[in-house]
Amino acid sequence: MEKVYILGGAQTDFERNWSKEGKNVIALLKEVINSALKNVNLTYEDIKKLNKQNKIAVCIGNFAAEYYINQGHLGPLLTEVNEAFYGVPSARYEAACASGSVAIDSAISKIRLGDYDLVIVVGFELMKTVNAKVCGDYLGRAAIYEREAKGIEFPFPKLFGKLADEYVKKYNLDEERYKENLAKISCINYGNAKRNPNAQTRKWFMNEKQANFRGNPTNEKIGSMLSISDCSQVTDGAAVVVLASENYTKKNKLENKPIIKGYGHRVAPYEFDKKMQESKDNEYILPWTREAVCDAYRRANLSVDDIDLFETHDCFTSSEYMAISAFGITEPGKEYEVIENGTIDFTGSKPINPSGGLIGCGHPVGASGVRMMLDLYKQIANEAGNYQIKNAKNALMLNIGGSATTNYVFIVGK
Ligand code: CAA
């Protein structure tokens with residue numbers, strides 16, 4: 001099977017609010033594409049040459065531009081960035097918050113087929129065109145809207161709040177201890193974000209006292225036991241990774257670049273309550289998420305012992321809690337052990353979200369999968385700067401769409 005290499009890429013500063021700056025999607029894409037091309041030593045002339053040979057393609061991940069910015073038909077958008085993209089086959093991929101991953105998946109297939117040497121994968125979302133409540137309603141389209149979101153304020157914090165309730169019940173956990181564990185997860189992500197120069201919350205304040213101050217006006221409850229501090233952010237941003245074939249890396253002496261070693265892709269029953277019904281007798285609360293992780297380990301011929309760091313979809317602290325056992329770091333129901341003993345801290349043996357994750361780095365939904373892949377690349381290429389995990393050889397990402405309905409896992413290594 002043809003190897004797929006990651007040459008590099010770029011992300012925008014997730015702290016920025018593009019509406020307040022008066023800048024539109026084309027400005028966003030111009031900035032991120034220019035930075036990414038610079039990062040991988042490519043020029044627009046190189047793109048024209050590759051396009052003449054029909055060896056380059058573009059995959060765009062985005063969830064809801066039709067709602068946020070009144071823009072559909074996103075595939076050809078890069079032609080507005082530079083005329084070098086005239087004629088380059090480009091399409092949009094959508095899987096809610098896993099849109100970036102489904103775009104990466106398609107890019108991998110294009111390279112494995114041998115048809116393309118380079119695929120530029122772009123993920124983006126501009127969410128700050130509306131306030132957080134309207135934004136929450138738009139995001140509700142990633143659930144079964146009629147039953148799980150219509151007329152409900154902040155549907156996703158409520159769905160992942162239900163996951164927290166179900167967790168406590170299923171594994172007979174002490175609720176106060178569980179909530180403290182969630183607060184610790186939040187603080188680890190905010191803390192890690194402080195090392196990341198592109199993280200949305202790098203200048204924000206958070207500590208365990210504040211994260212445990214649930215129900216206080218400064219940390220209001222938003223979905224069952226979850227408070228504001230348990231939530232990922234509403235973010236404007238874009239990320240790019242450039243994937244390449246073995247043929248291309250050989251020609252350009254880039255064979256030491258990281259490769260994609262394995263992937264997993266599974267969908268679960270759409271509606272949250274059906275997920276819970278289906279997993280009633282299963283040891284995992286979200287067995288299809290676990291299955292996607294196992295598929296990736298099998299395809300990469302690796303196990304959890306081989307993974308040096310994880311980037312996970314902490315859309316809420318309850319989803320990161322669940323991911324710990326889905327990764328195999330602990331048995332299901334025993335996640336508290338590694339939260340409390342420092343294993344998942346930045347300096348622990350199984351660090352989760354050195355970037356700050358969706359809570360700390362930010363969550364421009366269509367971009368998040370691509371941002372995670374970029375962070376895996378940086379860690380394996382030893383280019384993560386202040387948030388570098390020492391001697392990282394293999395890294396794993398989990399990107400989720402809906403209430404863990406679409407589950408995507410990738411493993412990157414040398
Ligand atoms: N310090 C400094 N500034 C702060 C701050 C702090 N501690 N907290 C907020 N701010 C600033 C922000 O930077 C922002 O400034 P700009 O307007 O300049 O950008 C401003 O205050 C308002 O911030 P927020 O929009 O974060 O605050 P809010 O109170 O309006 O919203 C929230 C808070 C309701 C928790 C919101 O962040 C939210 O809805 N989060 C969840 C988002 C979500 O549900 N995402 C989808 C997850 S589900 C999934 O991933 C799967 C899928 O398929 C959908």
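**Reading the spaces**

Author: The largest cavity holds about 40 Å³ of space. Keep in mind that this is a predicted model.

Reader: How is such empty space found?

Author: Rolling a probe the size of a water molecule over the atoms shows where empty space is left. Here, a search of the whole structure finds 1 cavity of 30 Å³ or more.

Reader: Which residues line the largest cavity?

Author: Tyr167, Tyr171 and Tyr284 do, along with Ile285, Leu286 and Arg290. Met322, Ser325, Ala326 and Pro332 complete the lining.

Reader: Which helix gives the most to that lining?

Author: Helix α13, residues 317–326, with 3 residues.

Reader: How does the lining of the largest cavity divide by class?

Author: Into 8 nonpolar, 1 polar and 1 charged residue.

Reader: Now the open spaces. How much space lies in the largest pocket?

Author: About 710 Å³. Its lining has 37 residues, and those closest to the pocket centre are Ile222, Cys231, Ser232, Gln233 and Val234.

Reader: What classes make up the lining of the largest pocket?

Author: It has 22 nonpolar, 12 polar and 3 charged residues.

Reader: What polar atoms lie by the ligand oxygens, backbone or side-chain?

Author: Take each residue in turn. Gly402 places a polar backbone atom 2.6 Å from an oxygen atom of the ligand. For His363, a polar side-chain atom lies 2.8 Å from a ligand oxygen. Cys97 has a polar backbone atom 3.1 Å from an oxygen atom of the ligand.

Reader: How much of the ligand's accessible area does the protein cover?

Author: The ligand has 1,100 Å² of accessible area on its own, and the protein covers 71% of that.

Reader: Last, the whole chain. How many helices and strands does the protein chain have?

Author: The count is 16 helices and 11 strands. Along the principal axes, the C-alpha atoms fill a box of roughly 60 × 45 × 40 Å.

Reader: What does the radius of gyration say about the chain?

Author: Compare it with what chain length predicts. A compact globule of 414 residues would have a radius of gyration near 22 Å. The protein chain has 20 Å, which agrees.

Note on methods:
Residues numbered from 1 in each chain as written. Predicted model: local features only at pLDDT ≥ 70, side-chain atom pairs only at ≥ 80, totals over all residues. Heavy atoms only, no water. 1 Å grid on protein atoms, 1.4 Å probe; cavity = no way out; pocket = protein on both sides within 12 Å on 5 of 7 lines; lining within 4 Å. Points joined across faces, edges and corners; volume = space filled by probe spheres on them. Nonpolar A, V, L, I, M, F, W, Y, C, P; charged D, E, K, R; others polar. Polar contact = N/O pair within 3.5 Å; in protein donor to acceptor, adjacent residues only side chain to side chain. Areas by Shrake-Rupley, 256 points an atom, 1.4 Å probe, with all protein chains shown as cover. Helix = DSSP H or I, 4+ residues; strand = E, 2+ residues; numbered from the N terminus. Rg over C-alpha atoms; globule rule 2.2 N^0.38 Å.
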